[in-house]
Amino acid sequence: MAKLLNPFSPQFKIEVELELRRRAEMERQAKLAEQQKQEQQKQRQRKSLRFRGSAATVQAIHDHEWILSGPAETGKSFATIWRLDSELSRVPGAQASFIRKVAADIGPTALRTYRRIIEISESGAKPYGGEKPEWFDYPNGSRMYIGGMDRPGKILSGERDYIYVNQAEELSTGDWETILTRATGRGSVTDHPMVFGDCNPGPPSHWIKDRERMGQLRLLESRHEDNPTLFDNEGNITAQGKRSLSILDSLTGVRKSRLRYGLWVAAEGVVYEFDPAVNQLPQFEIPADWRRFRSIDFGYTNPFVCQWWAIDPDGRMYLYREIYQTRKLVEDHAREIVRLSVGERIETTVADHDAEDRATLERYGVPTVAASKQRKVGRDKVAARLRVQPDEKPRLFVLENVVIERDQELRTRFKPTCTRDEFDVYQWAKLADGKPDKEEPEKLHDHGMDALRYAVMYAEQGTGYESFVERQPAELEDSETDNGSSSGVVSELLRELGIE
Ligand SMILES: Nc1ncnc2c1ncn2[C@@H]1O[C@H](COP(=O)(O)OP(=O)(O)O)[C@@H](O)[C@H]1O
Ligand SMILES: [Mg+2]
């Protein structure tokens with residue numbers, strides 16, 4: 001039974017004081033236990049952080065130029081960014097840059113990896129600039145700027161001790177040379193300035209392989225077995241490993257060779273010879289008096305593609321903007337198309353033939369004309385335009401980084417996320433003997449390619465296209481029918497539901 005105490009007695013005061021102390025002590029104990037638990041967890045994380053293979057090698061090398069190459073998800077970025085973070089912690093007052101070709105692409109992957117790393121390493125790096133930080137500051141005065149080659153700003157504004165490039169294969173050789181002029185060692189605080197990065201393999205003719213052959217750059221190979229989230233310390237595959245590898249196993253063609261097996265191989269049997277050195281240009285302001293039009297291929301589970309094209313006074317075509325997006329309704333696309341085209345004089349929009357989708361576009365302000373779908377003629381015309389002419393220029397260009405928003409779902413499945421990506425993987429179907437059937441492309445990765453073909457057919461007809469379509473006798477159209485990849489949203493949805 002509780003003793004009843006006089007609340008004004010000295011004994012009561014003592015009891016209260018003791019109770020308060022007991023409670024404070026309990027709180028202190030609980031806090032200590034929590035701290036210990038967190039410390040143990042961090043130690044476990046640190047312990048499990050064993051680098052293997054090339055991921056271990058790159059923690060200690062001092063080469064001026066190096067790149068860790070390999071298939072997708074081997075832990076290249078993790079290992080490389082870990083090294084960057086440890087150098088910045090080690091060298092007080094160091095200046096570094098964290099670069100990718102396109103600034104907008106850093107956030108979803110590499111920046112997330114970096115944030116995870118600074119939590120584990122406890123380097124104390126703090127972001128400056130909110131959601132999309134401009135730089136990170138270290139307690140020892142080191143600083144790391146972050147940005148893309150599309151808007152270099154601070155990342156290349158001065159001499160750097162370390163420059164890290166994420167997905168270095170996306171850079172042009174000119175980009176890499178520019179970067180090298182910012183880490184020469186003049187005025188650096190580190191004893192070994194480095195320009196380094198990670199990459200997925202590209203064609204054997206890539207500048208990364210050239211620099212390796214010339215002995216200018218050290219190229220290291222990483223493999224899936226190096227990644228502790230995919231394979232445990234005993235070399236057994238983990239559940240995550242099974243998931244990741246099954247996605248990579250489902251890839252085809254050159255993407256599989258590069259992203260699953262890490263091979264530097266050229267795309268074989270591609271339909272179009274797209275040469276980035278020839279057919280790709282940095283973005284520029286399109287003069288107001290150039291002709292402009294749009295070309296659309298419908299899709300829902302497959303990407304919906306809308307390309308904006310400009311034609312210069314010599315008749316050369318420039319892809320200057322693009323929507324490449326899955327799982328969005330045609331009416332929402334229509335609104336976006338109208339919004340993006342404000343202030344531009346668009347002479348027409350050519351579209352794939354789906355009547356319902358075209359009606360929807362028209363209802364929301366994007367009237368279309370039916371594209372000319374003579375496939376073979378169209379392909380030949382695209383191929384011809386991509387080739388360099390006697391004036392040393394091709395007649396078709398894709399401007400860099402024109403896609404409005406990268407489709408993250410396509411990205412996580414390692415599928416093309418823009419028309420530019422499709423050029424590398426749009427292949428001829430294979431004959432029984434495995435040789436490419438040069439009459440018919442595979443019905444894969446052809447969404448931007450179809451819109452491209454419609455665009456070229458339109459550009460070749462010039463203005464007055466509509467009357468041309470009307471005059472076009474039906475038998476001139478190819479007999480090939482559209483069985484699938486480029487048909488409309490509604491039929492696609494019906495197919496998904498099993499209703500053909
Ligand atoms: N050594 C490591 N320790 C802990 N996690 C790792 C390690 N290496 C890779 N990972 C994790 O594996 C996943 C893939 O790694 P990442 O570096 O993004 O691969 P890549 O750059 O080769 O495509 C990421 O979630 C990453 O955090
Ligand atoms: Mg990476």
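This is a predicted model: local features need pLDDT of at least 70, side-chain atom pairs count only at pLDDT 80 or more; totals for chains, interfaces and linings use all residues.
Where the domains touch, nine residues of domain 1 are in contact with eight of domain 2. On the domain 1 side, that contact is made by five nonpolar, two polar and two charged residues.

Now the ligand. How many residues surround ligand 1? There are 16, and the closest are Thr-74, Gly-75, Lys-76, Ser-77 and Phe-78. Sorted by class, the shell around ligand 1 holds six nonpolar, six polar and four charged residues. Two helices, H3 (76-90) and H4 (107-121), each supply at least two residues of that shell. H3 gives the most, with three residues.

Next, how these helices sit against each other. Two packed helices are described by the angle between their axes and by the distance between those axes. For H3 and H4, the angle is about 55° and the axes are 10 Å apart. That is why H3 counts as oblique to H4. Their crossing is right-handed.

Which residues of H3 meet H4? They are Ser-77, Phe-78, Ile-81, Trp-82, Asp-85 and Ser-86. On the H4 side, the partners are Ala-110, Thr-113, Tyr-114, Ile-117, Ile-118 and Ser-121. By class, this contact of H3 with H4 has seven nonpolar residues, four polar ones and one charged.

One last point, tying the two parts together. Ser-77 and Phe-78 are among the residues closest to ligand 1, and both are also on the list of H3 residues that meet H4.

Notes: Residues are numbered from 1 along each chain as its sequence is written. Chains are lettered from A and ligands numbered from 1 in the order in which they are written. A residue is near a molecule or strand if its C-beta atom, placed from the backbone, lies within 6 Å of it. Helices (H or I, at least four residues) and strands (E, at least two) are DSSP runs, numbered from the N terminus. Ala, Val, Leu, Ile, Met, Phe, Trp, Tyr, Cys and Pro count as nonpolar, Asp, Glu, Lys and Arg as charged, and the others, Gly among them, as polar. Axes are lines fitted to C-alpha atoms, for helices over the stretch in contact, and angles run from 0 to 180 degrees between N-to-C directions. Angles under 35 degrees count as roughly parallel, over 145 as roughly antiparallel, 65 to 115 as roughly perpendicular and the rest as oblique. A crossing is left-handed if the near helix is turned anticlockwise from the far one by less than a right angle, and right-handed if clockwise. Two residues are in contact if their C-beta atoms, placed from the backbone, lie within 7 Å.
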